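Here is a short briefing to read with the model open in your viewer.

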Amino acid sequence: MKIGLVLSGGGARGAFHIGVLQALEEANIKPDIISGTSVGAIIGCLYSAGVSPATMLDTLLKTKWYDFFSIKYPKNGISDLKYVHEMLEQFIPINDFSSLHIPLYITATNLNSGKLEIFSSGEIYKRVVASCAVPLVFRPVEMNESFYLDGGILLNLPVQPIREFCDQIIAVNLMPIGVSTNDKLNGYFNLINRVLELSVDNHTTAQKKLTDVLIETVEIAKYSRFDLKPTQELYDLGYATAKLALN
């Protein structure tokens, strides 16, 4: 039986994924193939390369938001995600999908064609960085004469890309939709954030139907996708939620 693991995008909530991986290891469940978007692409890539959940958690606990930014004139985004590129180089010395221990599929949005692209071969670093490039925050990544941004724009929970290869799929969703109160809808940023969540959920619903085991909790909604401080809390929440789902 082939088991697929799907890791959604969700920014700083990515620590939840690491807690899920720890719970899977303790249950002796090892994925045969991994699919990821945005932060899910980073976590999935590291795990595919053999990096342990403990090492990932330790690295994330030491990471601060300012690590992602450099003092440059903003052009189509504030940062070029150099930090992520360097981190991948540190843990994955061979820049090619063929060097990974577990087959990996990641998504990115081609701005020129307006279509989703799925990568599973070739160089790793640029493709993972492209999958993580949140619009306006991070600069688009140029590849093959096209510009790419976050895969979550078009497919935040990429189950479809690996469904045909798997007997069972475990999917981890970092952006479940809950009821929002009026006070949380005040302000420009809050409104834009809510619109983004609703848009992402619209194409996530169909992907959930292709999943055999869905790991998600509305409790994650209280954690910002741009706050790295509650990393340990998110890890613990992911671990507990996975344990409950697997049971």
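Thr 211 counts as buried, because its relative accessibility is 13% and buried means under 20% relative accessible area, with exposed over 50% and partly exposed in between (1.4 Å probe, protein chains only). This is a predicted model, in which local features need pLDDT of at least 70, side-chain atom pairs count only at pLDDT 80 or more, and totals for chains, interfaces and linings use all residues. Residues are numbered from 1 along each chain as its sequence is written, and side-chain values use heavy atoms, with hydrogens and water left out.

**Around Thr 211**

- Thr 211 sits in the loop between α7 (188-208) and β8 (213-215); helices (H or I, at least four residues) and strands (E, at least two) are DSSP runs, numbered from the N terminus.
- Beyond its neighbours within four places in sequence, Thr 211 touches Val 159, Ile 169 and Ala 171, where contact means heavy atoms within 4.5 Å.
- The Thr 211 side chain also reaches back to the backbone oxygen of Gln 207, at 3.2 Å.

**Asn 156, another buried loop residue**

- Look for Asn 156 in the loop between β6 and α6 (160-163); at 3% relative accessibility, this residue counts as buried.
- Setting aside neighbours within four places in sequence, Asn 156 has contacts that include Ser 8, Gly 9, Thr 37 and Gly 151, and Met 175, Val 200, His 203 and Thr 204 are also among them.
- Asn 156 and Leu 174 are 18 residues apart in sequence, and their C-alpha atoms are 9.2 Å apart in space.

**The loop between β5 and β6**

- Asn 144 lies in the loop between β5 (141-143) and β6 (146-150), and Glu 145 is in the loop between β5 and β6 as well.
- Phi is near 50° for Asn 144, a positive value in a residue other than glycine.
- For Glu 145, phi is near 65°, again positive in a residue other than glycine.
- Are these residues buried or exposed? Asn 144 is exposed, with a relative accessible area of 62%, and Glu 145 counts as exposed at 75% relative accessibility.

**Helix α1 and its partners**

- Two packed helices are described by the angle between their axes and the distance between the axes.
- The axes of α1 and helix α3 (residues 53-61) come within 9 Å and cross at roughly 160°; axes are lines fitted to C-alpha atoms, for helices over the stretch in contact, and angles run from 0 to 180 degrees between N-to-C directions.
- α1 and α3 are therefore roughly antiparallel to each other, since angles under 35 degrees count as roughly parallel, over 145 as roughly antiparallel, 65 to 115 as roughly perpendicular and the rest as oblique.
- The α1 and α3 crossing is left-handed, a term used if the near helix is turned anticlockwise from the far one by less than a right angle, with right-handed used if clockwise.
- Where α1 meets α3, the α1 residues are Ala 15, Ile 18, Leu 21, Gln 22 and Glu 25, and the α3 residues are Pro 53, Met 56, Leu 57 and Leu 60.
- With helix α8 (residues 231-246), α1 packs at an angle of about 40°, and the axes are 6 Å apart; the two helices are therefore oblique to each other.
- The crossing of α1 and α8 is right-handed.

- Glu 25 is in helix α1 (residues 15-26) and counts as partly exposed at 35% relative accessibility.
- What joins the side chains of Glu 25 and Tyr 47? A polar contact of 2.8 Å does; the term means a pair of N or O atoms within 3.5 Å, and within protein one must be able to donate a hydrogen and the other to accept it, while residues adjacent in sequence count only if both atoms are side-chain atoms.
- Ala 54 is in helix α3 and counts as exposed, at 52% relative accessibility.

**The whole chain**

- The chain holds eight helices and eight strands, and 50% of its 247 residues count as buried.
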